[in-house]
Amino acid sequence: MSRTLTVGAAQLGPIQKSHTREEVVQRLLALLGEAAERGCELVVFPELALTTFFPRWHLEDISEADHYYERSMPNEATQPLFDEARRLGIGFSLGYALLDDDGHRWNVQTLVDREGSIVATYRKCHIPGHEAYEPDRPFQHAERYYFEPSDQGFGVWEAFGGNMGMMICNDRRWPETYRAMGLQSVEMILCGYNTPIHYAPDPSQDVLQGFHNSLVMQAGAYQNGTWVIGVAKGGREEGVMGLGQSCIIAPSGQIVAQALSTDDELIVANCDLDWCSRYKGTLFDFDLYRRPELYGRITGQRGAINPQEGKKS
Ligand code: CDT
C-alpha cells in the first residue's frame with residue numbers, strides 16, 4: 001500500500017487587529033477549497049491562525065487579551081472549518097491560543113483527521129521572547145507573558161497512515177524538538193510559525209531570518225529522517241513585517257515546495273512517508289549509532305557552563 005500523503009501548507013498573509021474570527025475562517029475555507037481541488041489529504045495552517053499575533057503588545061491586565069484566546073475547539077467561529085473539512089474528507093492542523101477551563105494559557109496546534117475527529121492538541125514547549133514590558137523595542141515579543149510552556153512535551157501520533165508530530169514556531173530552532181520526536185519514529189512534523197523579520201536583541205540577524213528558517217527545518221528533517229511542513233503567517237501585520245517562506249521539506253533535507261509570496265498561499269507536495277526509512281535505516285539508524293550514555297548533559301543541564309570556571313589558570 002502506498003504511503004504517499006498529499007499535504008498542503010496553507011500560508012496566511014497578515015491578520016490585522018480589526019479582522020474578525022469569521023473573516024479569518026472564510027480565508028481558511030478558501031485555502032481548504034483550493035487544497036481539495038489540488039488533491040490534498042491534509043492541510044496545515046500557521047501558529048495563532050485565528051487572530052493577529054497579539055504578543056506584540058503588552059497589556060497591563062492580561063484579561064484584556066482574553067478575547068484572543070479560544071475557550072474550546074471547535075467553537076462557533078471554527079465549526080464551519082471543521083464541517084467543510086469533514087465534508088471534503090481533508091484533515092487539517094490549526095494553531096491558536098487556548099485559555100483552558102483551569103485558567104491556563106497555551107499556544108497550541110490541533111490535528112484533526114479526515115473524519116473530523118481531533119487526533120491531538122500540542123502545546124508549544126519553547127516559549128521565546130520576554131515577560132516584562134520592554135519600552136526600547138519597536139514592538140514587543142511578550143509570548144512569555146501570554147503563554148505557559150508545555151507541561152506535556154513532544155508527542156507522536158498514528159494518523160494519516162504514518163507517525164505524525166507537531167511543533168510550534170520557536171520549537172523549530174531547537175534540535176531536541178526533532179530528536180524527541182525522532183526517537184518516537186516520527187515521519188512528518190507539522191509546524192506553524194510567526195517570525196518577525198526584525199529581531200530587536202540582535203538586528204544583525206534580520207537579513208538572515210529566511211536562511212535560519214530553512215536551515216533549522218532542513219537540518220531537523222535530515223537528521224531525523226522525517227518530513228517537515230513549515231507554515232508561516234507572514235506579511236505586514238499591524239506594521240510588523242513577518243517572514244513567509246513556508247516550505248515542505250523531505251527526509252533528505254531538500255525543500256520540495258516553497259511559498260513565493262507573503263500572502264495567503266497554498267503550496268502542495270506529495271509526501272512519500274516510506275522515504276523516511278531510507279534515512280532512519282542507514283545514516284541515522286539511531287539504535288546502531290547513537291551514544292545516549294554520552295548525552296547526559298542534554299537532559300541534565302539547561303544553560304551552558306564554562307569548563308574553565310573553577311579551574312586554576
Ligand atoms: N512565534 C515565535 O515563536 N517566534 C519566534 C520569534 C523569535 S523570538 C522573538 C521564532 O522563533 O520565530
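This is a predicted model: local features need pLDDT of at least 70, side-chain atom pairs count only at pLDDT 80 or more; totals for chains, interfaces and linings use all residues.
Residues are numbered from 1 along each chain as its sequence is written, and side-chain values use heavy atoms, with hydrogens and water left out.

**Stop one: the whole chain.** Show the cartoon and look for 8 helices and 14 strands; these are DSSP runs numbered from the N terminus, with helices (H or I) of at least four residues and strands (E) of at least two. Turn the view: the C-alpha trace spans about 65 × 55 × 40 Å along its principal axes.

Colour by burial, and 52% of the 313 residues come up as buried, meaning under 20% relative accessible area with a 1.4 Å probe, protein chains only.

**Stop three: lysine 124.** Select lysine 124, in the loop between strand 5 (118-123) and helix 3 (143-146). Is lysine 124 buried or exposed? Lysine 124 is buried, at a relative accessible area of 1%.

**Stop four: its partners.** Lysine 124 makes a side-chain polar contact of 2.9 Å with glutamate 47 and one of 2.8 Å with glutamate 143. Such a contact is a pair of N or O atoms within 3.5 Å; within protein, one must be able to donate a hydrogen and the other to accept it, and residues adjacent in sequence count only if both atoms are side-chain atoms.

Conventions: Buried means under 20% relative accessible area, exposed over 50%, partly exposed in between (1.4 Å probe, protein chains only).
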